[in-house]
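Thanks for coming, everyone. Please bring the sequence and the model up on your screens. I'll walk through how the parts meet.

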Amino acid sequence: MKLIHNFKSPNFNRRKYNKIEFIIIHYTALKNVNESIKFLCNKKNKVSSHYLISQNGEIYNLVSEKYRAWHAGVSYWASKTDINSISIGIELDFSPNYKNNIYGTKLINSLIKLLKKIAKKYKINNHNILGHSDIAPYRKIDPGVKFPWHTLKKNNLVFNPKIINFYLVFSLRKWFKLQNIRSKKSIMIFMLAYIGYDISLGINKKSNFNLLLKNYQNHYLQRYSKKNLYKKTYKFIERHFCTLLLTK
Ligand SMILES: [Zn+2]
């Protein structure tokens, strides 16, 4: 895989931890790749990423993987908050508002190659390949509704829950009843927290809960029809939760 090293960002510092556990995918929301290089390499902006992939599939290495690039901002996953210290950040040359508003084959093929390489190098499982919208669901929507998680799924880069045993589901539902966690919403919040999401703002405010659910659906249920989507989402989260419960 060819990496372009012509542009470097000054926006990084030392990682606080040595282990790299996550890969975070973003979109730049800028007009084109040149604007993105300028933006990510400008000291004033205080943002960066390890990689930037252009619409043509060129991969720019802006920050060495050794260092802590500044891409995640305030974020959370499974009790961890300094995601920048434990992740590799990849920016995609995409904006919903300009001509670069499609995720073309060239860009996605390069992304898949890069993801596979990084995941292998640091032994990152597909459960830890996330979007910015997963780790900051109330603040961020990137990589957005158009991002083809389903293509990544075919390449085993998206967590794929198993079909679970009926008895396990039955016991689980009984357990929730015993804990007095009764509404579908409360159960989903409980399970999403276990999966890793920051549920803090979604508990009491409906619009925040909807954001959380929408970001989850974009990642895992992208190809599902809108019909009964709430129910389908509930069942999918249940499978997700149970698979993790059995494998974590
Ligand atoms: Zn982002």
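12 residues of domain 1 are in contact with 12 residues of domain 2; contact here has C-beta atoms, placed from the backbone, within 7 Å. This is a predicted model: local features need pLDDT of at least 70, side-chain atom pairs count only at pLDDT 80 or more, and totals for chains, interfaces and linings use all residues. Residues are numbered from 1 along each chain as its sequence is written.

On the side of domain 1 that touches domain 2, α3 (132-135) and α4 (149-154) each give two or more residues. Helices are DSSP runs of H or I, at least four residues, and strands are runs of E, at least two, numbered from the N terminus.

Now the bounds. Domain 1 is 3-154 and domain 2 is 166-247, from an automatic or database domain assignment. Their centres, taken over C-alpha atoms, are 26 Å apart.

Next, helix α7, residues 206-220. The helix has 15 residues. Which residues of α7 are buried? They are Phe 209, Leu 212, Leu 213, Asn 215, Tyr 216, His 219 and Tyr 220. Seen down the axis of α7, these buried residues fall within an arc of 160°, so they line one face of the helix. That arc is of the directions from the helix axis to the C-beta atoms. On the other side, Lys 206, Ser 207 and Asn 210 are exposed. Buried takes 20 or more other C-beta atoms within 10 Å of a residue's own, exposed 12 or fewer, and partly exposed lies in between, with C-beta atoms placed from the backbone.

And the cover? What covers the buried residues of α7 includes β8 (129-131), α3, α4, α6 (184-195) and α8 (229-247).

Conventions
Contact = placed C-beta atoms within 7 Å. Expected span 1.5 Å × (residues − 1).
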